[in-house]
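These are my notebook entries on one protein model.

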Amino acid sequence: KSSASMVVGVGSLSDPRERFGLAHFLEHMLFLGTEKYPDESEYGNYLKTNGGYSNAYTSRDHTNYHFEIRHEAFEGAIDRFAQFFIAPLFTPEFTEREINAVHSEYQKNLESDNWREFQLTLSLLRPDHPANKFNIGNRDTLGGTTQEELKKFYREYYSANQMVLALVGKDSLDQMEAWTREYFSAIE
(Lines give C-alpha, C1' and ligand atoms only; values in the text may rest on other atoms or scores of the structure.)
Protein backbone atom coordinates (compact mmCIF):
# COMPACT_ATOMS: atom_id res chain seq x y z
CA LYS A 1 0.00 0.00 0.00
CA SER A 2 0.92 3.64 -0.40
CA SER A 3 0.33 6.18 2.31
CA ALA A 4 0.51 9.85 3.16
CA SER A 5 0.61 11.86 6.34
CA MET A 6 0.23 15.58 6.91
CA VAL A 7 1.22 17.07 10.24
CA VAL A 8 -0.01 20.56 11.02
CA GLY A 9 1.79 22.42 13.80
CA VAL A 10 -1.30 23.24 15.82
CA GLY A 11 -3.08 21.32 18.53
CA SER A 12 -5.12 21.77 21.65
CA LEU A 13 -2.60 24.14 23.25
CA SER A 14 -3.73 26.69 20.66
CA ASP A 15 -7.43 26.40 21.48
CA PRO A 16 -8.91 29.76 22.43
CA ARG A 17 -9.90 29.89 26.13
CA GLU A 18 -13.52 30.46 25.12
CA ARG A 19 -13.56 27.48 22.71
CA PHE A 20 -11.81 24.43 24.22
CA GLY A 21 -11.57 21.59 21.71
CA LEU A 22 -11.60 23.81 18.61
CA ALA A 23 -8.45 22.24 17.11
CA HIS A 24 -9.99 18.78 17.53
CA PHE A 25 -13.34 19.91 16.11
CA LEU A 26 -11.55 21.42 13.10
CA GLU A 27 -9.83 18.08 12.51
CA HIS A 28 -13.27 16.46 12.25
CA MET A 29 -14.67 19.13 9.93
CA LEU A 30 -11.88 18.85 7.35
CA PHE A 31 -13.12 15.40 6.32
CA LEU A 32 -16.51 16.72 5.22
CA GLY A 33 -16.14 18.10 1.73
CA THR A 34 -14.01 20.57 -0.18
CA GLU A 35 -14.64 22.96 -3.03
CA LYS A 36 -13.21 20.49 -5.53
CA TYR A 37 -14.90 17.44 -3.93
CA PRO A 38 -18.00 18.81 -2.18
CA ASP A 39 -19.63 15.47 -1.38
CA GLU A 40 -18.97 14.87 2.32
CA SER A 41 -18.30 11.17 1.75
CA GLU A 42 -16.15 11.46 -1.42
CA TYR A 43 -12.81 11.05 0.33
CA GLY A 44 -13.88 8.15 2.54
CA ASN A 45 -15.65 6.36 -0.28
CA TYR A 46 -12.65 6.73 -2.60
CA LEU A 47 -10.36 5.23 0.02
CA LYS A 48 -12.75 2.41 0.91
CA THR A 49 -13.34 1.52 -2.74
CA ASN A 50 -9.58 1.28 -3.23
CA GLY A 51 -8.68 -0.79 -0.16
CA GLY A 52 -7.69 2.13 2.01
CA TYR A 53 -8.58 3.92 5.18
CA SER A 54 -7.81 7.20 6.89
CA ASN A 55 -7.63 8.65 10.34
CA ALA A 56 -6.48 11.72 12.22
CA TYR A 57 -5.70 12.85 15.73
CA THR A 58 -5.20 16.12 17.54
CA SER A 59 -2.38 16.27 20.03
CA ARG A 60 -1.32 19.14 22.24
CA ASP A 61 1.04 20.73 19.72
CA HIS A 62 0.11 19.16 16.38
CA THR A 63 -2.63 17.53 14.36
CA ASN A 64 -1.93 14.55 12.13
CA TYR A 65 -3.99 13.42 9.14
CA HIS A 66 -3.05 10.18 7.40
CA PHE A 67 -4.28 7.56 4.98
CA GLU A 68 -3.22 4.41 3.19
CA ILE A 69 -4.49 3.03 -0.10
CA ARG A 70 -3.53 0.54 -2.79
CA HIS A 71 -0.76 1.83 -5.02
CA GLU A 72 -2.87 2.22 -8.17
CA ALA A 73 -5.20 4.73 -6.49
CA PHE A 74 -2.54 6.77 -4.69
CA GLU A 75 -2.60 9.82 -6.96
CA GLY A 76 -6.39 10.17 -6.70
CA ALA A 77 -6.19 9.94 -2.92
CA ILE A 78 -3.42 12.56 -2.81
CA ASP A 79 -5.59 14.92 -4.87
CA ARG A 80 -8.56 14.51 -2.52
CA PHE A 81 -6.39 14.70 0.60
CA ALA A 82 -4.66 17.91 -0.49
CA GLN A 83 -7.99 19.66 -0.80
CA PHE A 84 -8.45 19.49 3.00
CA PHE A 85 -5.60 21.98 3.26
CA ILE A 86 -6.58 24.12 0.27
CA ALA A 87 -10.34 24.64 0.20
CA PRO A 88 -12.40 22.90 2.90
CA LEU A 89 -16.10 23.72 2.94
CA PHE A 90 -16.85 23.69 6.69
CA THR A 91 -20.46 23.03 5.74
CA PRO A 92 -22.69 24.40 8.52
CA GLU A 93 -25.17 21.52 8.23
CA PHE A 94 -22.49 19.12 9.55
CA THR A 95 -21.47 21.29 12.49
CA GLU A 96 -23.87 19.83 15.04
CA ARG A 97 -23.18 16.26 13.90
CA GLU A 98 -19.43 16.69 14.35
CA ILE A 99 -19.83 18.44 17.70
CA ASN A 100 -21.77 15.32 18.74
CA ALA A 101 -18.94 13.12 17.41
CA VAL A 102 -16.39 15.05 19.46
CA HIS A 103 -18.71 14.82 22.47
CA SER A 104 -18.92 11.03 21.98
CA GLU A 105 -15.12 10.81 22.07
CA TYR A 106 -15.15 12.87 25.26
CA GLN A 107 -17.72 10.55 26.86
CA LYS A 108 -15.77 7.45 25.81
CA ASN A 109 -12.66 8.88 27.48
CA LEU A 110 -14.47 9.40 30.79
CA GLU A 111 -14.10 5.65 31.38
CA SER A 112 -10.37 5.69 30.67
CA ASP A 113 -8.13 5.85 33.72
CA ASN A 114 -5.24 7.09 31.59
CA TRP A 115 -7.31 9.98 30.23
CA ARG A 116 -8.60 10.90 33.70
CA GLU A 117 -5.05 10.86 35.06
CA PHE A 118 -3.95 13.10 32.19
CA GLN A 119 -6.79 15.58 32.92
CA LEU A 120 -5.93 15.57 36.62
CA THR A 121 -2.28 16.32 35.84
CA LEU A 122 -3.31 19.23 33.62
CA SER A 123 -5.53 20.64 36.35
CA LEU A 124 -2.51 20.88 38.68
CA LEU A 125 -0.73 23.33 36.38
CA ARG A 126 -0.79 27.06 37.00
CA PRO A 127 -4.15 28.49 35.87
CA ASP A 128 -2.43 30.66 33.23
CA HIS A 129 -0.34 27.80 31.80
CA PRO A 130 -1.35 26.99 28.17
CA ALA A 131 -1.73 23.29 28.98
CA ASN A 132 -4.17 23.94 31.84
CA LYS A 133 -7.28 23.62 29.75
CA PHE A 134 -9.72 21.02 28.54
CA ASN A 135 -8.28 19.67 25.31
CA ILE A 136 -10.78 17.34 23.64
CA GLY A 137 -13.94 19.44 23.57
CA ASN A 138 -17.58 18.55 24.15
CA ARG A 139 -21.06 19.97 23.55
CA ASP A 140 -20.59 22.56 26.28
CA THR A 141 -17.28 23.95 25.00
CA LEU A 142 -18.10 23.71 21.28
CA GLY A 143 -21.82 24.48 21.27
CA GLY A 144 -22.54 27.59 19.26
CA THR A 145 -19.27 27.46 17.32
CA THR A 146 -19.75 29.55 14.22
CA GLN A 147 -18.41 28.88 10.77
CA GLU A 148 -16.46 32.14 11.03
CA GLU A 149 -14.70 30.98 14.24
CA LEU A 150 -13.72 27.75 12.52
CA LYS A 151 -12.46 29.54 9.41
CA LYS A 152 -10.50 32.06 11.48
CA PHE A 153 -8.72 29.28 13.39
CA TYR A 154 -8.05 27.44 10.11
CA ARG A 155 -6.63 30.55 8.40
CA GLU A 156 -4.43 31.30 11.37
CA TYR A 157 -2.80 27.88 11.69
CA TYR A 158 -3.29 25.87 8.50
CA SER A 159 -0.55 27.25 6.30
CA ALA A 160 2.33 25.61 4.47
CA ASN A 161 4.94 27.02 6.84
CA GLN A 162 3.33 25.02 9.66
CA MET A 163 2.89 21.73 7.78
CA VAL A 164 4.99 18.69 7.03
CA LEU A 165 3.94 16.15 4.39
CA ALA A 166 5.24 12.60 3.99
CA LEU A 167 4.41 10.29 1.09
CA VAL A 168 5.38 6.63 0.95
CA GLY A 169 4.72 4.39 -2.02
CA LYS A 170 6.17 2.32 -4.81
CA ASP A 171 6.29 5.29 -7.19
CA SER A 172 9.60 7.00 -7.82
CA LEU A 173 10.77 9.87 -5.69
CA ASP A 174 10.56 12.11 -8.77
CA GLN A 175 6.91 11.12 -9.31
CA MET A 176 5.97 11.72 -5.67
CA GLU A 177 7.72 15.09 -5.74
CA ALA A 178 5.79 16.00 -8.91
CA TRP A 179 2.49 15.04 -7.23
CA THR A 180 3.44 17.06 -4.16
CA ARG A 181 4.09 20.14 -6.27
CA GLU A 182 0.96 19.60 -8.39
CA TYR A 183 -1.52 18.90 -5.60
CA PHE A 184 -0.15 20.75 -2.56
CA SER A 185 1.40 23.92 -3.98
CA ALA A 186 -1.89 25.82 -3.66
CA ILE A 187 -1.67 25.68 0.16
CA GLU A 188 -1.10 29.22 1.34
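Is the crossing of H1 and H4 left-handed or right-handed? I found it right-handed, where right-handed denotes the near helix turned clockwise from the far one by less than a right angle, and left-handed anticlockwise.

**Basis.** I worked on a predicted model, in which local features need pLDDT of at least 70, side-chain atom pairs count only at pLDDT 80 or more, and totals for chains, interfaces and linings use all residues. Residues are numbered from 1 along each chain as its sequence is written, and side-chain values use heavy atoms, with hydrogens and water left out.

**H1 and H4.** I noted that the axes of helix H1 (residues 22-29) and helix H4 (residues 95-109) come within 10 Å and cross at roughly 120°. Helices (H or I, at least four residues) and strands (E, at least two) are DSSP runs numbered from the N terminus; axes are lines fitted to C-alpha atoms, for helices over the stretch in contact, with angles from 0 to 180 degrees between N-to-C directions. H1 and H4 are therefore oblique to each other; under 35 degrees counts as roughly parallel, over 145 as roughly antiparallel, 65 to 115 as roughly perpendicular, and the rest as oblique. In contact (heavy atoms within 4.5 Å) are His24, Phe25, His28 and Met29 of H1 with Thr95, Glu98, Ile99, Ala101, Val102 and Glu105 of H4. By class I recorded 5 nonpolar, 3 polar and 2 charged residues in the contact of H1 with H4; Ala, Val, Leu, Ile, Met, Phe, Trp, Tyr, Cys and Pro count as nonpolar, Asp, Glu, Lys and Arg as charged, and the others, Gly among them, as polar.

**H1 and H7.** H1 also packs with helix H7 (residues 147-157), at about 95° with the axes 10 Å apart. That makes H1 roughly perpendicular to H7. Leu22, Ala23, Phe25, Leu26 and Met29 of H1 meet Glu149, Leu150, Phe153 and Tyr154 of H7. I classed this contact as 8 nonpolar, no polar and 1 charged.

**H2 and H3.** The axes of helix H2 (residues 42-49) and helix H3 (residues 74-82) come within 10 Å, crossing at roughly 160°. H2 and H3 are therefore roughly antiparallel to each other, and the crossing is left-handed. I listed Glu42, Tyr43, Tyr46 and Leu47 in H2 against Gly76, Ala77, Arg80 and Phe81 in H3.

**Serine 5.** I located serine 5 in strand S1 (residues 2-8). Leaving out residues up to four places away in sequence, serine 5 touches Asn64, Tyr65, His66, Phe81, Val164, Leu165 and Ala166.

**Pocket lining.** I asked which residues line the largest pocket. Among them are Phe85, Lys151, Tyr154, Arg155 and Glu188. A pocket is an open set of points on a 1 Å grid over the protein atoms alone, where a 1.4 Å probe fits, with protein on both sides within 12 Å along at least five of seven lines; lining residues have an atom within 4 Å of a point. The lining has 8 nonpolar, 1 polar and 3 charged residues.
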